[in-house]
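Please look over the sequence and the model shown here, and then read the report that follows.

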Protein chains: 2
Amino acid sequence: MTVRITLVGAGPGAADLLTLRAVRAIEAAEVVLIDALVSDEVRSLIPPGARIIEVGKRGHKPSAGQDFINRTLVRYAQQGFNVVRLKGGDPSIFGRAAEERAALEAMGIEVAVVPGITSASAAAAQFRISLTERGTARRVLFATGHRAEGPETDWESAADPATTVCLYMAAHDFAAIAAALIAAGRRADTPAIAVCDVERPAARMLAATLATLAARLAADAFEGPVVILVGDVCRRAVSSPCAPHFREGERRVSLPGLL
Amino acid sequence: MTVRITLVGAGPGAADLLTLRAVRAIEAAEVVLIDALVSDEVRSLIPPGARIIEVGKRGHKPSAGQDFINRTLVRYAQQGFNVVRLKGGDPSIFGRAAEERAALEAMGIEVAVVPGITSASAAAAQFRISLTERGTARRVLFATGHRAEGPETDWESAADPATTVCLYMAAHDFAAIAAALIAAGRRADTPAIAVCDVERPAARMLAATLATLAARLAADAFEGPVVILVGDVCRRAVSSPCAPHFREGERRVSLPGLL
């Protein structure tokens with residue numbers, strides 16, 4: 001028997017933004033290793049009998065090391081369990097999928113990845129903008145403000161006014177990032193929005209400019225996962241998103257009969 | 001009654017990569033305006049009684065103009081039909097969502113957007129790479145090779161070796177784009193892959209380098225939608241993707257009891 005693990009993108013939070021493939025993987029799971037950013041709504045789809053192992057990394061709290069995660073995944077997979085590694089967003093975009101894949105494949109374990117809706121895309125849809133727009137933005141750059149993801153970034157490549165910049169894990173350092181973007185030539189009055197808890201009941205959006213968003217963020221305590229979008233497309237952001245009509249009055253996905 | 005239209009991201013092609021929200025919107029549709037890139041598998045979820053209007057733009061064939069699309073959407077919405085505008089991938093990324101939204105909102109019609117899995121993300125998962133990778137790629141740039149999306153692009157911003165570049169609609173002009181990337185400083189031997197029909201039964205991947213991929217593409221006729229990924233992360237691409245174990249032997253989503 002081939003030993004396999006499925007790395008599943010949990011999307012931004014709303015269970016109905018999971019893909020069907022993700023829902024099936026979760027419903028078949030016997031062991032789930034889960035990050036702190038995965039929402040309660042998605043967690044509610046995990047079968048009651050499954051073992052849930054919290055391996056979230058959050059801020060400065062103690063967290064499971066990558067070695068522990070890898071060892072745990074390997075052990076359960078080798079014991080024959082159907083193991084799901086559940087991560088917020090899309091595992092291929094700042095989800096460290098490559099590291100876990102490399103560690104597992106070195107142990108002879110196959111890894112399948114189920115892509116997920118990444119938070120910038122969900123934030124755009126919820127707050128009524130497009131990441132690209134003919135005549136306004138012909139490129140989209142996803143970058144991280146998290147230093148662990150790589151050496152200090154130069155921001156020259158984000159100076160192009162026709163590029164929408166999506167910043168992950170950047171709320172903490174946004175003042176420095178905004179200053180670097182402006183120094184690289186991006187207009188200080190470029191529209192910028194910060195969205196926290198996108199597609200969750202507590203979703204909120206702050207609209208400002210590249211020059212002013214950091215102060216707004218500091219004044220208006222944003223808790224939870226934040227994505228920041230910078231670019232002229234953000235000018236159209238509307239803070240009271242319309243709910244798609246087919247889910248009016250309905251917030252949770254009901255598990256029975258889902259598939 | 002508020003008149004609404006739902007713009008739904010159909011993802012790359014496999015029906016089980018639709019989000020639950022997208023499936024619900026499609027199943028509730030009475031009128032569907034649909035692009036040529038939407039797969040047969042996704043089309044099969046449209047209710048038998050729904051009116052399907054093909055508005056695909058493909059290559060040099062005659063196609064529906066944006067004005068016709070907007071007028072048709074408005075007419076059916078005003079007649080009280082549940083109207084779905086179905087687009088491949090994610091409507092917010094090179095999906096022209098903003099244009100249709102602006103035209104419809106000008107007519108007093110609300111537009112809800114359901115995000116979709118974009119093809120670069122699906123291609124990465126299927127061919128076993130990550131778009132970001134600690135120490136290798138700390139940024140992801142989505143760009144188009146399609147001139148209608150904007151003026152000629154300068155490629156300086158894609159020269160950073162730690163940026164994975166995802167090119168949409170770029171197969172036709174890839175020789176010129178690759179030359180521009182190399183002129184901007186990107187290494188000629190940077191790994192590059194082209195994926196056509198990602199997550200469809202005919203999915204294929206060509207692996208080469210930035211310097212050689214255009215010739216490979218020309219020699220090996222790629223039909224259908226193509227996404228090109230450029231960056232060191234592509235070095236790990238594996239051409240025989242492993243199917244997630246929970247859908248072995250199963251290619252189609254069965255409609256009855258889906259939700």
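## Loops, a central strand and cavities

A:R96 is placed in the loop between β4 (83-87) and α4 (97-106) of chain A, where helices (H or I, at least four residues) and strands (E, at least two) are DSSP runs, numbered from the N terminus. This is a predicted model, in which local features need pLDDT of at least 70 and side-chain atom pairs count only at pLDDT 80 or more, while totals for chains, interfaces and linings use all residues. Residues are numbered from 1 along each chain as its sequence is written, chains are lettered from A and ligands numbered from 1 in the order in which they are written, and side-chain values use heavy atoms, with hydrogens and water left out.

A:R96 is buried, with a relative accessible area of 17%; buried means under 20% relative accessible area, exposed over 50%, and partly exposed in between (1.4 Å probe, protein chains only). The phi of A:R96 is near 55°, a positive value in a residue other than glycine. Most residues other than glycine have a negative phi, and most peptide bonds are trans. A:D197 likewise has a positive phi, of about 55°, although it is not a glycine. A:D197 sits in the loop between β8 (191-196) and β9 (204-209) of chain A, and at 14% relative accessibility A:D197 counts as buried.

In chain B, the loop between β8 (191-196) and β9 (204-209) holds B:E199, which is buried with a relative accessible area of 6%. The loop between α5 (119-126) and β6 of chain B holds B:F127, and B:S130 is found in the loop between α5 and β6 of chain B. B:F127 is buried at a relative accessible area of 2%, and B:S130 is buried, with a relative accessible area of 2%. Although B:F127 and B:R236 are 109 residues apart in sequence, they are 8.6 Å apart in space, C-alpha to C-alpha.

A:D189 belongs to the loop between α6 (174-183) and β8 of chain A, and it is partly exposed, with a relative accessible area of 47%. A:D189 and A:A211 are 22 residues apart in sequence and 6.4 Å apart in space, C-alpha to C-alpha.

The table lists polar contacts, a polar contact being a pair of N or O atoms within 3.5 Å; within protein, one must be able to donate a hydrogen and the other to accept it, and residues adjacent in sequence count only if both atoms are side-chain atoms.

| Side chain | Partner | Distance |
|---|---|---|
| B:E199 | side chain of A:R21 | 2.8 Å |
| A:D189 | side chain of A:R187 | 2.7 Å |

Strand β6 (residues 139-144) of chain A is mostly covered, since six of its six residues are buried. In a regular strand the side chains alternate between the two faces of the sheet. From β6(A), A:R139, A:L141 and A:A143 point one way and A:V140, A:F142 and A:T144 the other way, and all are buried. Two strands pair if DSSP finds at least two bridges between them. Six bridges join β6(A) to strand β7 (residues 163-168) of chain A, and these two run parallel; five bridges join β6(A) to strand β6 (residues 139-144) of chain B, and these run antiparallel. A:L141 stands opposite A:V165 in β7(A) and also opposite B:L141 in β6(B).

With a disulfide taken as a pair of cysteine sulfur atoms within 2.5 Å, the count comes to zero disulfides over all chains. A:C166 counts as buried at 0% relative accessibility, and B:C166 is buried, with a relative accessible area of 0%.On a 1 Å grid over the protein atoms alone, a cavity is a set of points where a 1.4 Å probe fits but cannot get out, and lining residues have an atom within 4 Å of a point. Grid points are joined across faces, edges and corners, and a volume is the space filled by probe spheres set on the points. By this rule there are three cavities of 30 Å³ or more, and the largest cavity has a volume of about 80 Å³. Of the 14 residues that line the largest cavity, the closest to its centre are A:G116, A:T118, B:G116, B:T118 and B:S121.

Definitions and conventions:
1 Å grid on protein atoms, 1.4 Å probe; cavity = no way out; pocket = protein on both sides within 12 Å on 5 of 7 lines; lining within 4 Å.
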